[in-house]
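Visitor: I am new to this structure and would like a close look at one part of it. Could you take me through the sheet and then show me what lies around it?

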Amino acid sequence: SMGPPPSRLPLLAALVAAALLAGAAAATEEAYVTLLYGDEFVLGVRVLGKSIRDTGTRRDMVVLVSDGVSEYSRQLLEADGWIVKRITLLANPNQVRPTRFWGVYTKLKIFNMTSYKKVVYLDADTVVVRSIEDVFKCGKFCGNLKHSERMNSGVMVVEPSETVFKDMISQVDRLPSYTGGDQGFLNSYYADFANSRVYEPDSPLTPEPETQRLSTLYNADVGLYMLANKWMVDEKELRVIHYTLGPLKPWDWWTAWLVKPVEIWQDVRQKLEESLPGTGGGRNPHDQLVVKFLFILPFCLLLFGYYQSCFQNKKDFPSVQSLCAFARRGRHKYKSEEALPSYLAVGVSSSTFSTSNQRISNGPHLKLPSYFGAIAVLICFMSAGVSLAFAFTIIPRQIMPWTGLLLMFEWTFVAFFLLFGSYLRFVYRWGSISATHVGYSNSDSSENHMGTGHQRNISDFDMEATFYWTGMAVIAVITVFSPTILGITALFTKLGLMVAGGVLLASFMTYASVHLAISAFHKGQKDRNGYSLFV
Ligand SMILES: *[C@@H]1O[C@H](CO)[C@@H](O)[C@H](O)[C@H]1NC(C)=O
């Protein structure tokens with residue numbers, strides 16, 4: 001007897017499943033691909049991924065990661081929606097070439113991604129600003145022509161083929177590479193690329209050419225933008241921006257202050273989801289911790305210094321002391337006009353610059369060495385340079401532009417205050433030692449003090465110190481912000497304005513450092529002679 005007729009349901013189910021699978025396969029036949037060699041570029045890949053997703057694509061996004069990429073970064077990219085594939089570096093035959101090209105031949109591996117019919121490759125320092133789905137229809141190999149003759153490998157459309165890949169590998173040793181990397185090699189491999197026709201999505205060529213050129217819109221070079229301070233192409237038509245400027249990568253906080261188009265990159269970055277805890281807005285939990293610490297520490301230092309000099313009468317730090325005195329004076333003025341004991345003490349212990357000058361000319365035994373001013377200026381500039389370098393070194397590179405700038409100000413000022421302040425303290429001690437040696441007596445100037453009254457003396461010295469310190473800070477801040485305030489976006493105008501501000505700052509620092517040092521010296525001399533009520 002015949003068995004029951006086979007149910008049609010499983011067959012139908014199988015057909016539907018096959019159809020679905022075919023559909024899924026079609027959707028994943030094409031992919032966006034990027035390469036990641038180390039953790040430094042992870043933020044770049046995250047932003048690129050976000051920008052691709054924002055165009056509404058449903059194609060795969062594949063990131064090929066080499067051994068230099070940490071486990072955490074791989075998890076983060078997977079959480080962002082990337083398909084992470086580990087690869088080994090394809091050795092670069094040009095071993096003598098710069099180390100930055102180490103492993104760049106790895107890029108050739110995208111020609112071996114034969115599980116996809118077509119891949120659109122994008123460098124990690126690019127960002128997609130409008131949908132580029134139309135380039136998937138481009139032929140076997142499409143790229144951009146840059147610098148008139150050369151093909152730029154930052155954005156490419158590739159039809160993976162084991163034959164092509166094997167052919168390339170067999171020629172890697174033979175063909176020259178003008179860059180020492182993949183770009184130079186590809187220029188040699190596709191020697192006739194400069195003559196290829198421009199790809200037009202609406203009118204594909206038949207038969208399909210071996211190579212085709214993509215319009216500049218698909219690989220708009222920020223370097224060229226910087227030259228003219230505008231895009232050479234219609235800005236609304238832009239598809240991909242390529243942040244090519246070597247040391248000015250969009251993820252470093254300072255770049256946003258110099259390169260206008262980084263705004264676009266930062267906008268995408270700020271919209272990054274929190275795929276792993278603490279990674280929203282392109283943040284990094286480790287950097288966040290460092291930033292918090294760096295923000296708070298200077299305030300703790302300042303409070304400590306204030307406490308030491310105001311309440312423990314450790315008055316041998318002229319700069320902190322003058323700030324305290326200034327604060328106290330303000331407080332006092334607010335309360336009453338009557339002189340407080342502490343107020344008197346500061347007043348009497350302070351010297352005035354006018355009397356300092358008199359003493360330089362009047363008392364031969366108090367003369368400062370001729371190189372005194374030059375050394376003060378030298379140390380002031382060295383302190384400023386070291387402070388800048390120090391601040392720059394300790395601040396994490398990939399934080400937000402505003403956070404970076406504020407931290408930079410905070411730490412440069414604090415480090416400068418400590419360094420140059422220490423020098424002034426040294427000069428102050430030197431002053432007090434020299435006073436002992438020459439048996440300096442200030443009985444003559446004490447009359448002067450009494451005559452003019454304490455109130456004027458205190459304001460003279462403290463106002464002077466406060467004026468110089470805040471003057472330097474204000475000019476520094478204005479120098480940095482002047483292009484932003486004036487709305488200047490052109491890099492060279494911006495730099496020119498900053499240089500002008502820098503010259504102004506340098507002049508003021510020269511003036512301020514000499515005066516602060518002379519004041520500190522004379523203050524040391526005075527305090528040594530029991531003139532101060534602090535002693
Ligand atoms: C190229 O792809 C094939 C097939 O996926 C694989 O077996 C081979 O190892 C790849 N070659 C290299 C150098 O990655």
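Guide: Gladly! One of the residues to look for is V65, whose bridge partner in β3 is R86. Please keep in mind as we go that this is a predicted model.

Now look at β2 from the side of β1. β1 and β2 also run parallel, and six bridges join them. Here you can find T34 standing opposite V63 in β2. β2 is a mostly covered strand, with five of its six residues buried.

Moving on, strand β1 (residues 30-36) pairs with β4 as well, in the parallel sense and over four bridges. To find the place, look for E30, which stands opposite K118 in β4. Strand β4 (residues 118-122) is mostly covered too: four of its five residues are buried.

The next pairing has another direction. β4 is joined by four bridges to strand β7 (residues 150-158), and these two run antiparallel.

Eight strands make up an open sheet, and reading across it gives the order β3-β2-β1-β4-β7-β6-β9-β8, with mixed pairing. At the edges are β3 (83-86) and β8 (197-198), each of which pairs on one side only.

Next, look at what lies across the strands. Helix α2 lies across β1, β2 and β4, and runs at about 165° to β1. This helix has a helical partner as well: the axes of α2 (residues 42-53) and helix α3 (residues 71-80) come within 10 Å and cross at roughly 5°. That angle is under 35 degrees, which makes α2 roughly parallel to α3. On the α2 side the contact is made by V42, V45, R46 and G49, and on the α3 side by S73, L76, L77 and D80. Sorted by class, the residues of this contact are four nonpolar, two polar and two charged.

α2 also holds a residue that leads us to our next stop. V47 lies in the stretch 42-53 of α2, and V47 is in contact with W265. W265 itself is found in helix α7 (residues 262-270). Is W265 buried or exposed? W265 is buried, because 28 other C-beta atoms lie within 10 Å, and the cut-off for buried is 20 or more. Leaving aside neighbours within four places in sequence, the contacts of W265 are V47, V127, Y243 and P250. There is another tryptophan to find here: W251 is 14 residues away from W265 along the chain, and their C-alpha atoms are separated by 8.4 Å.

For a contrast, turn to N229, in the loop between α6 (222-228) and β11 (240-242). N229 counts as partly exposed because it has 14 C-beta neighbours inside 10 Å. Its backbone deserves a look as well. Most residues other than glycine have a negative phi. The phi of N229 is near 60°, a positive value in a residue other than glycine.

One more pair of helices is worth a visit. Helix α12 (residues 372-394) packs with helix α16 (residues 491-528) at an angle of about 120°, and their axes are 8 Å apart. α12 and α16 are therefore oblique to each other. The crossing of α12 past α16 is right-handed. From α12, the residues in this contact are F372, G373, A376, V377, C380, F381 and A384, and they meet M509, T510, S513, V514 and A517 in α16. These residues divide into nine nonpolar, three polar and no charged.

Finally, step back to see the whole protein. Its secondary structure comes to 16 helices and 11 strands. Of its 535 residues, 36% are buried. Among contacts between residues at least 6 apart in sequence, 69% join residues at least 24 apart.

Key: Residues numbered from 1 in each chain as written. Predicted model: local features only at pLDDT ≥ 70, side-chain atom pairs only at ≥ 80, totals over all residues. Axes fitted to C-alpha atoms, helices over the stretch in contact; angles between N-to-C directions. Parallel < 35°, antiparallel > 145°, perpendicular 65-115°, else oblique. Left-handed = near helix turned anticlockwise from the far one by under 90°. Contact = placed C-beta atoms within 7 Å. Nonpolar A, V, L, I, M, F, W, Y, C, P; charged D, E, K, R; others polar. Buried ≥ 20, exposed ≤ 12 C-beta atoms within 10 Å, placed from the backbone. Pairing = 2+ DSSP bridges.
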